[in-house]
Amino acid sequence: MASVVYNGTVPTPSLTGFTMPVTAAMGAFFGLIAGQSTGLGALLGIVVGAIAGAAIAFVLVTMVSYKVGRWSAIGVIGIIGLLTGGTIGLVVGLIAGALLGWCAYWLHLGGYRKSLPPYATSGQVLWHNTFKFICGLIFFFLIAPIITIIPLSFNAQDFFTFTPEMLALDPAGYSLKHYQDFFTNDDWLRPMKNSLIIAPFATIISVSLGTLAAIGLSQSHVPFRRGIMAILISPMIVPLIISATGMFFFYSQMGLWMEDNFGISKSLSGYIKVILAHAALGIPFVIITVTATLVGFDNSLTRAAANMGATPTVTFFRVQMPLILPGVISGALFAFITSFDEVVVVLFVGAAAQKTLPWQMFTGLREQISPTILAVATILVIFSIILLATVEVLRRRSERLRGMSPT
Amino acid sequence: MTDATGPMVAADGRPLKASLNRALRRQKMRALLLISPLLFFIMITFIIPIGQMLFRSVENQIVGDVLPTTVVALDAWSVKSGEAPGEEVFFALTQDLVLAAERKEHTRLGSRLNYEDPGISSLFRKSGRNVEVMGEGYAKQFDALDERWAETNTFSEILADPEWLADAAQVETAADMDRFEVNEDAATYLPRTVAAYTSFANYMIADKGKDPAKSKPWNTLHLALFEDLRAAPEITIASAYGDMLRTAAAAVPTFETETLSASFAKIDKDWLDPDVWSTIKRYSPSYTNGYFLNAIDMEKTVDGPAWRPEDQQIYLTLFWRTLLMSMTITISCILLGYPVAWLLANLPARTANLLMILVLLPFWTSLLVRTSAWKILLQQQGVINDIVVWLGLVADDNRLALINNATGTIIAMTHILLPFMILPLYSVMKTIPPTYLRAAKSLGATNWTAFWRVYFPQSVPGIGAGSILVFILSIGYYITPEIVGGTKGVFISNRIAYHISSSLNWGLAAALGTILLAVVMLLYWAYDRIVGIDNVKLGG
């Protein structure tokens, strides 16, 4: 549907039969919220909201131009909100004004069927917009939980919901105390440090071994390719709880063996165990991303390099590596986040000395839930936004590079 | 390949075929060489641990290791007799148990058998404490007969191989002694004593680092000696100990005897219960299917496998619930993911990329963050309940129970796994040309027919790939159900974790894990068939 764009004029819909009733329904929705929060009752709120919605639609459509109409709707309803509900009323009023104004013009000027061909029936138009609305709700479902915890982490109280002060946008309702707790409390700093020790080492192991193997796998003649691939991918497919169970038995014996034979301390052997386990879990991601990058790699480049006298090592580092580097780095990021975010295996394999950040969050959530978790969660969300941006940039760069290479 | 001038040759004069083969072989070797470090690494750090877990689910050597002679003696006994086994078995049990108690192995054995028959653990603990006094009466009577019986080296002088004794005298510390070697003659007329002393001596040397000839013999040795002498063997020993033994053999019939079964019954009357013995006998082989039977709510009985009583059946319910909830989550993911994937695949690239961020951000956000977000949102005093109460949809004293039940698990896990559905669906839908849909409509199809008959069948591979991925991931989930699932919303994985860390029934945990692994492997095979494991894509 979306690819057909009709640029001609759309017939103006009926004001009293279409634009006013729909805007009134939207007004009723905001009226319900206002009625509930001010204590006037739901029914009164709905009635008043519906009348107000219809009135706004009528006034905006018949009397004022688009720009003036939008701003005046925002201003008027915002002021009404401020008078009835204080600061939070102002915010809700501004939002309601913006939406009602937009709705009235969107309906009146035919924005709702702009991306549809003019012959679309009203049923199709309705379905098209309902579909968009449903998708919007699903996107909301995806993102809302993550967004909600960000303001909650600035809560001045030890609650996990919005306090009245927060809703009134009172500065006293907000504080950085949970962040302060995170950055001063050893219960959180030590796990943070452990995570930052374990994840990079695990990443280095998975990336170095994984890249080599991916290059091997992408050669044209590899015996037992399917079987080898299945084994290398298996840490991703086998449920974590099963990997953790298996590793629990094996790694405890391995730890004792290392302590007896190499005389390393219990703490060091603990770190080695967790790092090895996490490296194994990260390998499938490296294999998948690097193999995907190598699919587009032109092998005549290595032959050309060899032809000009480069040794295989030089060829690898000067020709092949720069081209597959984006894939390697995004594989490394996947491996890093796998280790950084992993809790089941470390719970079984590690000892208290190797407690990582997710482990501490897990115990926090299961036993004594502390609001500091929200601060940690917010920091991790920002961290993942940075990671996501990096991976996106790398992916585009890789596509550009591969687009440039002769095929 | 051949013509009048012979086979085609390469530049170096070799036949071309051989030369090409060699090049191919070298190429294969190079590929394998590049792969081998990782393959080795994964083998050590992942495949072997999993294999060991599989092995542990059938392994059951502890009974045979701790009670070796009892297990052999029990062969002749059957629970059908309706009574406890005879003295011979109790004699073997005494000998095994005294060594096990010294090594502190009897409690481990007790906990192992306790999984099968609750109560056995305390039986073994109590018996381990008291078994050392058994045979004390005989020890005193032997001592009264001849003072030399009270000396620590008497037994080794009689029972040990003279060469071993001579060697043993040479070593500096007892820990360096060789394993005990028996005097072949003594073994013919004092078989039980020799066996009992061998385990005593080896325990003293290997575990304690003591010279057995300088350690006080256990009372059970006297018990064994009494049993041997009662059979009136022909004693052929030449040394001074020969007379001593013959005197003892002559005196034995007049000894005050001890009934071992009665002594055990005095420790705990459960020893006379045939069911206890039947449990020991059933679990005596080195490998057992007992853990697997437990994992599917069955148990080993005398008449073969049978269902457990109704009130003890939990695992099948749990497996069934895990499957059902994983299915619900998969279906929710399809219902929510399909429209979004469709929208993303059909919008102009710029808008689609922007909206893609909304899918990828949850994908990249820590699992713990998302789980804690849901825990906080779904609580009784959480944001969602606050909103519905505020809107007047629900009374304040009747808040929705959204957490610590199956609802909480399904909501949170649908959210967590939704990106894994959207991404494969999107990549499949991206390849479906929009012209097909328009062509169908121009030929007179309604919107629904065009979608259902033309578009949907082409998107089925995406649904298949996404569903299997989501299903595999959800079936083994542990963290989220543990935190938001309460008791009604937990999966089989939570039970596995419980057996690993709390009940310590590792064999059962391994058996449950093996069953789960088998299910996942089946799905993995299906995934490989439908999508191909090489085609897994991450992050679009």
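1. B:Arg103 is partly exposed, at 34% relative accessibility. Here buried means under 20% relative accessible area, exposed means over 50%, and partly exposed is in between (1.4 Å probe, protein chains only). B:Arg103 forms a salt bridge with B:Asp207, and the closest N and O atoms are 3.1 Å apart. A salt bridge is a side-chain nitrogen of Lys or Arg within 4 Å of a carboxyl oxygen of Asp or Glu. The pair links distant parts of the chain, with B:Arg103 in helix H4 (residues 87-103) of chain B and B:Asp207 in helix H11 (residues 191-208) of chain B, 104 residues apart. Helices (H or I, at least four residues) are DSSP runs, numbered from the N terminus. B:Asp207 is also partly exposed, with a relative accessible area of 44%.

2. A note on the basis of these values. This is a predicted model, in which local features need pLDDT of at least 70 and side-chain atom pairs count only at pLDDT 80 or more, while totals for chains, interfaces and linings use all residues. Residues are numbered from 1 along each chain as its sequence is written, chains are lettered from A and ligands numbered from 1 in the order in which they are written, and side-chain values use heavy atoms, with hydrogens and water left out.

3. Over all chains, the rule gives 16 salt bridges. Side chains of opposite charge can pair when their charged atoms come close. Within chain B, B:Asp211 pairs with B:Lys214, with the closest N and O atoms 4.0 Å apart. B:Lys214 is exposed, at 67% relative accessibility. A network of salt bridges links B:Glu88, B:Arg192 and B:Asp228.

4. How many salt bridges does the rule find across the interface of chain B and chain A? The rule finds one there. The partners are A:Arg366 and B:Glu482, with 2.9 Å between the closest N and O atoms. B:Glu482 lies in helix H24 of chain B and A:Arg366 in helix H14 (residues 357-366) of chain A, so the pair joins two chains. Both residues are partly exposed: B:Glu482 has a relative accessible area of 23%, and A:Arg366 has 36%.

5. The contact between the two chains involves 93 residues from chain B and 95 residues from chain A, where contact means heavy atoms within 4.5 Å. About 8,700 Å² is buried between chain B and chain A, and carbon and sulfur atoms give 80% of this area. Buried area is the accessible area (1.4 Å probe) that two parts lose on being put together, summed over both.

6. Nine residue pairs (both at pLDDT 80 or more) are in polar contact between chain B and chain A. Helix H1 (residues 16-56) of chain B gives the most to the side of chain B that touches chain A, with 24 residues. That side of chain B has 64 nonpolar, 19 polar and ten charged residues. A polar contact is a pair of N or O atoms within 3.5 Å; within protein, one must be able to donate a hydrogen and the other to accept it, and residues adjacent in sequence count only if both atoms are side-chain atoms. Ala, Val, Leu, Ile, Met, Phe, Trp, Tyr, Cys and Pro count as nonpolar, Asp, Glu, Lys and Arg as charged, and the others, Gly among them, as polar.

7. Helix H25 (residues 492-501) of chain B is mostly covered, with seven of its ten residues buried. Among the buried residues are B:Ile492, B:Asn494 and B:His499. The cover comes from both chains and includes helix H9 (240-262) and helix H13 (344-349) of chain A, and helix H17 (315-346) and helix H26 (506-530) of chain B.

8. Is A:Thr19 buried or exposed? A:Thr19 counts as buried, at 0% relative accessibility. This residue lies in helix H1 (residues 15-38) of chain A. Not counting residues up to four places away in sequence, A:Thr19 touches several residues, including A:Pro13, A:Val61 and A:His108. By contrast, A:Met63, in helix H2 (residues 42-63) of chain A, is exposed, with a relative accessible area of 58%. A:Met63 and A:His278 are 67 Å apart in space, C-alpha to C-alpha, and 215 residues apart in sequence.

9. Chain A has domain 1 (15-120) and domain 2 (185-404), with bounds from an automatic or database domain assignment. Their C-alpha centres lie 52 Å apart. Chain B is divided into domain 1 (2-48), domain 2 (64-132 + 260-282), domain 3 (135-254) and domain 4 (315-535). In chain B, the C-alpha centres of domain 2 and domain 4 are separated by 51 Å.
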